[in-house]
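The sequence and model are shown first.

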Amino acid sequence: MSDKNYLAWPFFDAHHAALEAALDAWAAQHVAGAHAGDVDAACRHLVRQLGEGGWLRHAIGGTAYGGAGDTIDTRAICLIRETLARHNGLADFAFAMQGLGSGAISLFGSDANRSEYLPRVARGDAIAAFALSEPQAGSDVAAMQCAAVLEGDHYVLNGEKTWISNGGIADFYVVFARTGEQPGARGISAFIVDADTPGLTIAERIEVMAPHPLARLRFSDCRVPANKRLGEAGQGFKVAMATLDVFRTSVAAAALGFARRALDEALAHATQRQMFGQVLADFQLTQAKLAQMATGIDTSALLTYRAAWQRDQGKGNNKVTKEAAMAKLHATETAQQVIDAALQMFGGLGVVSGQAVECLYREIRALRIYEGATEVQQLIIARELLKEG
Ligand SMILES: Cc1cc2nc3c(=O)[nH]c(=O)nc-3n(C[C@H](O)[C@H](O)[C@H](O)COP(=O)(O)OP(=O)(O)OC[C@H]3O[C@@H](n4cnc5c(N)ncnc54)[C@H](O)[C@@H]3O)c2cc1C
């Protein structure tokens with residue numbers, strides 16, 4: 001069982017520890033274990049369960065729209081992701097995407113946009129998605145080609161988006177498209193596109209090593225009302241980066257949850273696996289591994305909750321670009337190492353399909369790539385350092 005002493009760290013308020021304890025108990029009862037079979041159905045079910053449990057209220061901002069608070073509490077979403085990831089990767093994914101997919105609406109939506117979408121997201125009645133990446137524009141967001149042209153009171157969208165989580169099951173997508181006010185990143189705008197809008201189709205479903213709903217979207221003369229634009233025309237890059245600034249730290253928290261689960265599994269196995277007349281944990285080689293894993297987990301937790309706490313100090317307005325990048329970089333890379341070490345301790349059992357460490361090994365890999373790959377985080381940290389210097 002994971003050590004919970006970190007909840008007494010000064011980064012947290014009393015209600016954060018209570019939130020973690022309540023969710024931990026709820027998750028053990030409702031979402032523990034991997035989901036086999038139809039991933040779309042499992043995801044829809046998880047979103048509904050998380051809505052009924054009241055947890056999705058934390059994924060949106062604004063009590064008037066069903067949110068737990070007026071702004072998104074970064075420490076709360078991090079604790080929720082960490083806890084869900086420890087129990088079930090798909091449950092963490094379902095929670096995270098409700099937040100990421102509606103984050104731009106919480107931050108930049110008009111009252112009408114917020115009233116229409118956020119209560120449904122918070123109840124688990126509508127599934128959200130965030131559509132930024134394109135086949136030729138992943139790390140290089142400014143190379144985006146999907147275009148939106150204003151015609152009367154509608155924008156007409158043409159182009160593609162790929163790697164879109166919840167693609168195929170989402171009820172709406174927050175889509176970023178080039179509106180051309182200025183070249184590069186300054187000529188992009190953000191829109192809410194309902195999944196049933198004519199001209200929006202699922203061009204391809206993408207199967208990945210840890211199954212999640214994922215798709216390539218195609219927009220062909222897809223007409224979106226101008227009042228579904230989020231923020232000003234040409235401000236879409238700012239909308240995307242502000243949304244990622246909130247949720248990037250929570251990717252670190254999910255990695256932390258996966259790593260904690262791996263350490264729990266490793267400890268349980270190492271203390272009962274008999275060999276050479278003693279148990280695996282009696283060997284100093286094993287102890288060195290366990291020490292390394294625990295130290296990596298604590299440094300990830302310190303970086304993650306430092307970034308979350310710092311953001312919350314400014315009621316969500318503090319800029320935490322460098323701190324969030326450090327947390328994501330360190331926590332995802334460390335979790336990969338911790339999980340690999342745990343799997344190694346299981347020997348042959350570690351690679352058997354369905355074993356917890358085998359699932360974690362597949363689950364963690366994409367976190368080092370999405371929402372800004374490790375190399376991109378390194379560039380962000382260096383850029384911020386050089387600005388400060
Ligand atoms: C499972 C999964 C879910 C996803 N969900 C979503 C989603 O919901 N919405 C969405 O919009 N996108 C999503 N993505 C897309 C994700 O954000 C992109 O995959 C990511 O930004 C990287 O883009 P790319 O795949 O085009 O790789 P590329 O940009 O081609 O990068 C390839 C490699 O080059 C490295 N690199 C980049 N810049 C530099 C540099 N300057 N110097 C050296 N190396 C560099 C990268 O770090 C990477 O290792 C998802 C991806 C995955 C795998």
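## Ligand shell

Of the 17 residues around the ligand, those that come nearest are Phe 130, Ser 133, Ser 139, Trp 163 and Glu 375; a residue is near a molecule if one of its heavy atoms lies within 4 Å of it. This is a predicted model, in which local features need pLDDT of at least 70 and side-chain atom pairs count only at pLDDT 80 or more, while totals for chains, interfaces and linings use all residues. Residues are numbered from 1 along each chain as its sequence is written, and side-chain values use heavy atoms, with hydrogens and water left out.

By class, the shell around the ligand holds 11 nonpolar, four polar and two charged residues. Here Ala, Val, Leu, Ile, Met, Phe, Trp, Tyr, Cys and Pro count as nonpolar, Asp, Glu, Lys and Arg as charged, and the others, Gly among them, as polar. At least two shell residues come from each of β1 (128-131), β3 (154-165) and α10 (374-388), and β3 gives the most, with three. Helices (H or I, at least four residues) and strands (E, at least two) are DSSP runs, numbered from the N terminus.

## Polar atoms and cover

A polar backbone atom of Phe 130 is 2.7 Å from a nitrogen atom of the ligand. For Trp 163, a polar backbone atom is 2.8 Å from a ligand nitrogen atom, and a polar side-chain atom of Ser 165 also lies 2.8 Å from a nitrogen atom of the ligand. On its own the ligand has 980 Å² of accessible area, of which the protein covers 65% (Shrake-Rupley method, 1.4 Å probe).

Ser 139 is found in the loop between β1 and β2 (147-151). With a relative accessible area of 60%, Ser 139 is exposed; exposed means over 50%, buried under 20%, and partly exposed in between (1.4 Å probe, protein chains only).

## Annotated domain

An unreviewed UniProt entry places the feature "domain: Acyl-CoA oxidase/dehydrogenase middle" at residues 129-222. The span 129-222 is 0% helix and 52% strand, and its end C-alpha atoms lie 17 Å apart.

## Cysteines

A search of the whole structure finds zero disulfides, a disulfide being a pair of cysteine sulfur atoms within 2.5 Å. For Cys 222, which is in no disulfide, the nearest cysteine sulfur is that of Cys 146, 8.9 Å away. Cys 222 counts as buried because its relative accessibility is 0%.

Cys 359 is likewise in no disulfide, and the nearest cysteine sulfur, that of Cys 43, is 15 Å away. Cys 359 is buried, at a relative accessible area of 16%.

How values were computed:
Polar contact = N/O pair within 3.5 Å; in protein donor to acceptor, adjacent residues only side chain to side chain. UniProt positions renumbered as here; feature names shortened; annotations may be inferred.
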